[in-house]
Amino acid sequence: MSTIPLATESTSPLEPNDQDRTSPRPRKRNLLLQIKDHWADYMYIMPALLVMVLVIGYPLFYTVYLSFFDTPPSTGGRVFNGIDNFTTILQSERFWMITKNTFYWTVFSTLIAFILGFGAALVIQREFFGRSIARGILLIPWVISYVAAAYVWRWIYHSDYGLLGGMLMEWGITDQRLILLDSTRWVMPSLIVANVWKEFPFVMIMLLAGLQTVPDQLMRAARVDGANSWNQFVHVTVPHLKNVIVITLLLLFVTNLNSFGLVWIMTGGGPANASQLWIIEIYTLAFRSLRFGLASAFSVILFIFMLGIGFFYVKALTAGDNERGRA
Amino acid sequence: MSDSTVPAPRKRWRPGMRKDQIAGYVFLIFLLLYALIPMAWMLSTSFKTQFAALQQPPRWIPTHPTIAQYKLLLSPFNDVGRDFLRYLLNSLWVSTATTVLGVAVAVPAAYAFSRFRFPGRNALFFTVLVRNMFPLVVFLIPLFILMKNLHLVNTHWSLILTYLTFGLPLSIWLLKGFYDNIPPQLEQAARIDGATRFQAFWLIVMPLSSPGIIATAIYAFIQAWNEYVYALTFLNNNKLLTLPVGLQRFFAEYSTNWPGLMAASFIMSVPVVVLFLLLQKHFVRALTEGAVKT
């Protein structure tokens, strides 16, 4: 019944559970024979497998391959140049500046969206009048396109005619033009506010789904034991939701690391590269400067970083199953 | 532990509870404003004239509301409207094809992962999940080259194929949760009555898992409808553009026409917002039963 059967299923060759160790497993005999017995099963996954090999598997290997070549845009050819692309990138000051921006963007977007989204889930989870309408409204930002979101926020932030600047002036908070997206200091916080707006509903919906799995008895038992709502939250809710929390955080982190549309449309990485991110750099290198080799090497660096995070993701996914297996 | 102090915390707990209820409502109002203001401002601007949109201080209710921008965008009798309606149709076609094909591919795969115990099952399912981790833009360069070699650049099929594949991991994951909850005995009973394995699947399991399929389909549709980077890269023929890229094209040409841009953004948001609001219950349920079940 488990959703993620990596470890609880007895067929897992990696982590046989205790029952398996007591009874010898006859199924290891002949892999080919087994595959032959199950050939019809594979027909069900074949279409999914085929498109994934074509659209995900092949490009992955091709990126790695291309990252070892120089691809001068003038000739269109390619010359093997070993790890030159990588050393060029890692030795450039620009790379480290962009890395700093990327982390600033990713970490703050993730944390703020998570806190707001978790809060939203806790509030929305209670019964109150108009609850489903409130939930619907809160989900709207998540559903609309990043492109529409980017234009609305750009319009709100507009330094001459924007809503934000105009309101602040009308309320007498400032009497100067509010310059956000054109200021190297304020561009990142402004982008993060727009991005969090787009993302917090995702956290809300994931945790809302998670909260529904917290058994009522647990909460009641905690209350009988004299726990106030903060204690309940810390000692019952959070431990119960640990897996959902970790998965949501990781997915958010990865989404932000790969976020392109919002920043590309709102600032294009400017002003003066103040909002230049890895993803935007890769895109510009490949499709503006047409330096595919260099851009591929950059992708590989990002990819290796992702693998590290992916490791934690899988650990988080399987951790729940191990605990369940033991319980 | 301390049973002698049971009444005391009860007393402290009640007023504490009320306080965080108030805090909760304040927080909720803040969130609602945060979520709504940009959308409301989008709508408000879209009913203004170009001149009124540039007025300071900003006005929420336009003094002379006009639907001129909507007329312009949705009328096939002028250049702007013709382009916009074409983008709309392109988006509709790409999203629908992605959704239908995506579900057709994901359903049997999810079913197999849920029911059958074939060698390599865990390894394959694992691969499907790990895909969630990989940045889409990393695939941009090689996919562009692949599509060029397959002569699919500047066709909608390049997008459909890409969106459908990128949506698969989540679809399979969600659907598998649903199939896990349908007792296999139902199919076994059908098999005893003489149904083939496929018939048992098609006639018994499919109808029961329709909420999951609906949730998966909405998600696939919304993703395809909103996608921007791949559409930007794979298409450069104005006739083929989807809405997000078309909107950007519109902005490049009429960069001071904010009411027009906001009206276009609003029209673009309506289908997905309506679709999602109508079916959000299915979606939350699919997540509860599939993705986050603990």
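Begin by selecting chain B, where the domain assignment, which is automatic or taken from a database, gives domain 1 (3-46) and domain 2 (71-291). The model is predicted: local features need pLDDT of at least 70, side-chain atom pairs count only at pLDDT 80 or more, and totals for chains, interfaces and linings use all residues. Residues are numbered from 1 along each chain as its sequence is written, while chains are lettered from A and ligands numbered from 1 in the order in which they are written.

Colour the two domains of chain B separately. The centres of domain 1 of chain B and domain 2 of chain B, taken over C-alpha atoms, lie 35 Å apart. Four residues from domain 1 of chain B and six residues from domain 2 of chain B take part in their contact, a contact being a pair of residues whose C-beta atoms, placed from the backbone, lie within 7 Å. On the side of domain 1 of chain B that touches domain 2 of chain B there are two nonpolar, two polar and no charged residues. In this scheme Ala, Val, Leu, Ile, Met, Phe, Trp, Tyr, Cys and Pro count as nonpolar, Asp, Glu, Lys and Arg as charged, and the others, Gly among them, as polar.

Next, show both chains. Chain A and chain B each bring 91 residues to their contact. To the side of chain A that touches chain B, helix α3 (residues 39-66) of chain A gives the most, with 14 residues. That side of chain A comprises 65 nonpolar, 23 polar and three charged residues.

Of its 327 residues, 43% count as buried, that is, with 20 or more other C-beta atoms within 10 Å of their own; 12 or fewer make a residue exposed, and values in between partly exposed, with C-beta atoms placed from the backbone.

Most residues other than glycine have a negative phi, and most peptide bonds are trans.

- Select G270(A) and P271(A): a cis peptide bond joins them, with omega about -10°. P271(A) lies in the loop between α13 (261-266) and α14 (278-287) of chain A.
- Move to L290(A), in the loop between α14 and α15 (292-326) of chain A. L290(A) is not a glycine, yet its phi is positive, about 55°. L290(A) counts as partly exposed because it has 14 C-beta neighbours inside 10 Å.
- Finish at H151(B), in the loop between α6 (140-149) and α7 (156-180) of chain B. Phi of H151(B), a residue other than glycine, is positive and near 60°. H151(B) has 10 C-beta neighbours inside 10 Å and therefore counts as exposed.

Note on methods: Two residues are in contact if their C-beta atoms, placed from the backbone, lie within 7 Å. Helices (H or I, at least four residues) and strands (E, at least two) are DSSP runs, numbered from the N terminus.
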